[in-house]
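I opened the model to look up a few things and write them down. The notes are kept in the order I made them.

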Amino acid sequence: DAENPLLGETTCGTLLQKLQEIWDEVGESDEERDKMLLQIEQECLDVYKRKVEQAAKSRAELLVTLSDAKLELSTLVSALGDKSFLGVTVKASGTIKEQLAAIAPALEQLWKQKEERVQEFSDVQSQIQKICGEITGSANEQAGAPAVDESDLSLKKLNEYQVKLQELQKEKSDRLHKVLEFVGTVHDLCAVLGMDFFSTITEVHPSLDDKTCVQSKSISNDTLLRLAETVSALHEDKKQRLHKLQELATKLTDLWNLMDTPEEERRLFDHVTCNISASVDEVAVPGALALDLIEQAEVEVERLDQLKSSRMKELAFKRQVELEEIFAHAHIEIDPEAAREKIMALIDSGNVEPAELLADMDNQITKAKEEALSRKEILDRVEKWMSACEEESWLDDYNRDDNRYNASRGAHLNLKRAEKARILVNKIPGMVDTLVAKTRAWEEDRGISFKYDGIPLLAMLDEYAMLRQEREEEKRRLRDQKKFGEQQNTEQEPIFSSRSTPARPASTKKVVGPRTNGTPGRRLSLSASQNGSRSAAKEGKRDSMRLAAPT
């Protein structure tokens, strides 16, 4: 066994040598030996072929793997937009395994980055999808996360999604702010109108309740639209209720004023009348426009209307008194007894509604005020003229007093008054001319005569002018007589005796009223001729209406 070559290193040569020895011992022929050797060579060749084929196949597989790796590396770099691994993709030196070993770490890192980038895209796109669903109102209909396009995972694309997400987040914030504003407005309007806020707001969307988290409230287009419609409807309801309440408050005030309602009873409805002139935006007190409050005001107006009907005569006569006062101040003569009898007849007949009668009398009062206003300027001038005439009458009396310069009590005051009276008397002709012009213009404009307590004012002015002219002529005649008398007295012996007040000439006897100095009076001679049929009671009534008027 020690000499056995099989126990040593086994090679092809030793094996061939061993085979020759066996053949020699067996006695194989050369032909068999050649045949056997050819068979051995063919078998060896087949083994080499198989090994070569296996090696070629393995190389082809490695090349395919390397090509796939390069392609995947290129795809990942393109998708991620990362330029840091471009140097590896173009390396062509070294064996196939060396190239694979160089690409493997880059591929692993890029795969990791791709997974992270895909997760980032998925997160951003999920948020975008969620906000879009909240805006469109289809958040509950979304199924699963959105699909990520792995062909473009670049930072630029991710930044575009992030910008879009920020815009949507801002829009969501704006919409949420707008929703909260609408909800606050609905709450305030419901408080003013006395309505249930919870039921009103949940009809729009259940998530708008105060118990719901702010971020969970609906911000969809439909919710915003319905909120806007709700606010608009509540505003319109508020406007209509305020208008109705203001009408009721106005009626209440008018009825109170008509019937002289005490202040204590009026205070019970201060919550109604306090908004009588308020605008829609100014009314913000909770319950100020509640339906029960409006119904309460309606009931009170109805009660006062019924009470007003029972007090119809009192209210009508009250207006008649007001009308008579207006005519009296305007110096317009009317027949109050006939007017009162007519009012009584209308009320007793029942043929006219109380409201219509009062409205008609209100209309008469309005027209009377307009008429009085149109006469005011002329009446003011008449007052000044009469006042000047009174001063003129006083001045005449003062000038006739021979003791006016004596140092008696109050003499200096009379002296000052006389100075002012002379200035005022000098203005009387101008006053009369202006008054005549104004009166004629008024009569031409209206086509009727301007009467002062039933007497045509122009006739009064004409009579005054004639009386004044006669008075001036009388004064001139008296002055002439005085001068003639003085001349006669200088020729006679002077008589020294106590002086007494000379008697007034007979020519100064009053023609109209108690004085004929030209001042207008209540009963001028013209009025006596025109109104001789008037009763003494009416004459006394006119005199009592102006006791201070000059005679």
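**Ground rules.** This is a predicted model, so I noted that local features need pLDDT of at least 70 and side-chain atom pairs count only at pLDDT 80 or more, while totals for chains, interfaces and linings use all residues. Residues are numbered from 1 along each chain as its sequence is written, and side-chain values use heavy atoms, with hydrogens and water left out.

**Helix H4.** I took helices as DSSP runs (H or I, at least four residues), numbered from the N terminus. H4 covers residues 96–136, which is 41 residues. From its first C-alpha to its last I read 56 Å, close to the 60 Å expected at 1.5 Å a residue; the expected span is 1.5 Å times one less than the number of residues. Where does H4 bend? The bend, about 25°, is at isoleucine 103, and proline 105 follows within four residues. I used the bend as the angle between axes fitted to the seven residues ending at a residue and the seven starting there. Just after H4, glycine 137 has a positive phi of about 85°.

**H4 against H5.** I then looked at the axes, which are lines fitted to C-alpha atoms over the stretch in contact, with angles from 0 to 180 degrees between N-to-C directions. The axes of H4 and H5 come within 10 Å and cross at roughly 30°. That makes H4 roughly parallel to H5 (angles under 35 degrees count as roughly parallel, over 145 as roughly antiparallel). H4 passes H5 in a left-handed crossing; left-handed means the near helix is turned anticlockwise from the far one by less than a right angle, and right-handed means clockwise.

**Salt bridges.** How many salt bridges does the structure hold? I noted 24, each a side-chain nitrogen of Lys or Arg within 4 Å of a carboxyl oxygen of Asp or Glu. I looked up three.

- Lysine 157 pairs with glutamate 160, with the closest N and O atoms 3.9 Å apart. Both lie in helix H5 (residues 155–193), three residues apart, about one turn of the helix. Lysine 157 is partly exposed at 27% relative accessibility, and glutamate 160 is partly exposed at 40%. I took buried as under 20% relative accessible area, exposed as over 50% and partly exposed as in between (1.4 Å probe, protein chains only).
- Lysine 438 pairs with glutamate 377 at 3.1 Å between the closest N and O atoms. This pair links distant parts of the chain, 61 residues apart: lysine 438 is in helix H15 (residues 428–446) and glutamate 377 in helix H13 (residues 354–400). Lysine 438 is partly exposed at 33%, as is glutamate 377 at 41%.
- Arginine 468 meets glutamate 392 at 2.5 Å, N to O. Arginine 468 is in helix H16 (residues 457–491) and glutamate 392 in helix H13, so the pair ties together parts 76 residues apart in sequence. Both residues are buried. Salt bridges that share partners join Glu392, Asp396, Arg468, Arg471, Glu472 and Lys475 into one network.

**Helix H11.** Alanine 328 is in H11 (residues 312–329) and is partly exposed at 28%. Alanine 328 and aspartate 453 are 125 residues apart in sequence, yet 8.2 Å apart in space, C-alpha to C-alpha. The axes of H11 and helix H12 (residues 336–349) come within 11 Å and cross at roughly 155°.

Methods:
Helix = DSSP H or I, 4+ residues; strand = E, 2+ residues; numbered from the N terminus. Parallel < 35°, antiparallel > 145°, perpendicular 65-115°, else oblique.
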